[in-house]
Amino acid sequence: MKITYVAADGGPTEVDARNGDSVMQAALTHDVDGIVGECGGSMMCATCHCYVDEAWIDRVGHRSEDESELLECAASEVRPNSRLSCQIKMSAELDGLIVHLPEAQI
Ligand code: FES
């Protein structure tokens with residue numbers, strides 16, 4: 001299943017993700033710049049911040065309260081569609097997902 005990461009400067013990168021992978025894991029596996037994932041997905045770092053494309057936000061869902069709290073430490077502006085990409089698990093429903101990457105993670 002496909003995920004497209006759109007860099008802050010506009011460049012898209014499309015990768016093949018596995019079912020059950022998080023959007024953070026898939027980025028690291030494919031060396032996508034712009035996702036750091038320092039804590040390995042355990043909700044400790046906020047360096048996996050992404051902006052879910054508006055067309056996808058209903059399917060992906062909004063962030064939890066815990067995510068919102070952690071995003072207060074994010075390096076870039078937090079927007080209504082901000083999510084921690086380690087908390088978005090890929091499934092057939094999300095095939096084709098588009099996420100936008102913030103200017104900085106650290
Ligand atoms: Fe650390 Fe997502 S990888 S919070």
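I will start with the ground rules and then go through the fold.

This is a predicted model, where local features need pLDDT of at least 70, side-chain atom pairs count only at pLDDT 80 or more, and totals for chains, interfaces and linings use all residues. Residues are numbered from 1 along each chain as its sequence is written, and side-chain values use heavy atoms, with hydrogens and water left out.

The sheet comes first. Helices (H or I, at least four residues) and strands (E, at least two) are DSSP runs, numbered from the N terminus. Five strands form an open sheet in the order β2-β1-β5-β3-β4, with mixed pairing; two strands pair if DSSP finds at least two bridges between them. At the edges are β2 (12-16) and β4 (82-84), each pairing on one side only. β1 and β5 pair in the parallel sense over four bridges, and Leu97 in β5 is the bridge partner of Ile3.

Those two residues turn up again in the core. A nonpolar core here is a set of buried Ala, Val, Leu, Ile, Met, Phe, Trp, Tyr and Cys residues joined through side-chain atoms within 4.5 Å. Buried means under 20% relative accessible area, exposed over 50%, and partly exposed in between, with a 1.4 Å probe and protein chains only. The largest such core has 28 residues, and Ile3, Tyr5, Val23, Ile88 and Leu97 have the most contacts inside it. α1 gives the most to this core, with four residues. Beyond its neighbours within four places in sequence, Val23 is in contact (heavy atoms within 4.5 Å) with Ile3, Tyr5, Ser85, Ile88, Met90, Leu97 and Val99.

Now the charges. How many salt bridges does a search of the whole structure find? It finds five, a salt bridge being a side-chain nitrogen of Lys or Arg within 4 Å of a carboxyl oxygen of Asp or Glu. In one of them, Arg83 meets Glu67, with the closest N and O atoms 2.8 Å apart. Arg83 lies in strand β4 and Glu67 in helix α3, so the pair ties together parts that are 16 residues apart in sequence. Arg83 is buried at 5% relative accessible area, and Glu67 is buried at 3%. Lys2 and Glu14 form another, at 3.9 Å between the closest N and O atoms. Here Lys2 is partly exposed at 33%, while Glu14 is exposed at 53%.
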